[in-house]
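Here is my note on the model, as numbered points. Please read it with the structure open.

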Amino acid sequence: ANSAGLRWARTLWHWAGKKGYQCDAISYATYAQILESHGLHDDVDAILQELPSVNEGLNKTIFLSALMNAAAQTKSWRRADALWFRFVNELRVKPNSICYGAYAKVHILCGNL
């Protein structure tokens, strides 16, 4: 993972927030995926904490599949399980086939299937 890219992403995210830009699912998913790929789980969890109040129409399946992909890249099946539980049970996301495929990918890459 590239630390310069992480700094750039953080700077851009904070700038957009200060300017009052409304982020969509892809923006949230991309930023969270960058954080997740750098192992910044607490930062991702903080975003998830504010997610329900951000935008009711936010497509959270995009967000879930992006984070599953990040967990697959870092071969973090326990983190994937924790994220999956949170999205499905706490955020009430109904996973689609892309989400299930990304979740399976984590476990396949970790040798769990």
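How far does α1 reach from its first C-alpha to its last?

1. **Basis.** This is a predicted model, in which local features need pLDDT of at least 70, side-chain atom pairs count only at pLDDT 80 or more, and totals for chains, interfaces and linings use all residues. Residues are numbered from 1 along each chain as its sequence is written, and side-chain values use heavy atoms, with hydrogens and water left out.

2. **Helix α1.** α1 reaches 24 Å from its first C-alpha to its last. With 17 residues, α1 is close to the expected 24 Å. The expected span is 1.5 Å times one less than the number of residues. Helices here are DSSP runs of H or I with at least four residues, numbered from the N terminus (strands are E, at least two).

3. Leu6, Ala9, Trp13 and Ala16 are buried in α1. They sit on the same side of α1, because they cover an arc of only 100° around the axis. The arc is taken over directions from the helix axis to the C-beta atoms. Turned away from that buried side are the exposed residues Arg7, Trp8, Thr11, Lys18 and Lys19. Buried means under 20% relative accessible area, exposed over 50%, and partly exposed in between (1.4 Å probe, protein chains only). An α-helix has 3.6 residues a turn, so residues three or four places apart point the same way.

4. **Largest pocket.** The largest pocket holds about 170 Å³ of space. A pocket is an open set of points on a 1 Å grid over the protein atoms alone, where a 1.4 Å probe fits, with protein on both sides within 12 Å along at least five of seven lines; lining residues have an atom within 4 Å of a point. The volume is the space filled by probe spheres set on the points, which are joined across faces, edges and corners. Trp8, Leu12, Tyr21 and Tyr31 are among the lining residues. α1 gives the most to the lining, with five residues. α2 (25-37) supplies at least two. The lining divides into nine nonpolar, two polar and no charged residues. Ala, Val, Leu, Ile, Met, Phe, Trp, Tyr, Cys and Pro count as nonpolar, Asp, Glu, Lys and Arg as charged, and the others, Gly among them, as polar.

5. **Nonpolar core.** Which residues have the most contacts inside the largest nonpolar core? They are Tyr28, Leu48, Leu51, Phe63, Leu67, Met68 and Phe87, in a core of 32 residues. α1, α2, α3 (41-54), α4 (60-73), α5 (77-90) and α6 (97-109) each supply at least two residues of this core. α4 gives the largest share, seven residues. Such a core joins buried Ala, Val, Leu, Ile, Met, Phe, Trp, Tyr and Cys residues through side-chain atoms within 4.5 Å.

6. **Helix α6.** The end C-alpha atoms of α6 are 18 Å apart, which agrees with the 18 Å its 13 residues should span. Cys99, Ala102, Tyr103, Val106 and His107 are buried in α6. The buried residues fall within an arc of 140°, so they line one face of α6. The face turned away carries the exposed residues Ser97, Ile98 and Ile108. Ser97 has 63% relative accessibility.

7. **Backbone check.** Please look at two loop residues. Lys75, between α4 and α5, has a positive phi of about 50° although it is not a glycine. Lys75 is exposed, at 51%. Arg92, between α5 and α6, has a positive phi near 60°. Arg92 is exposed too, at 63%. Most residues other than glycine have a negative phi.
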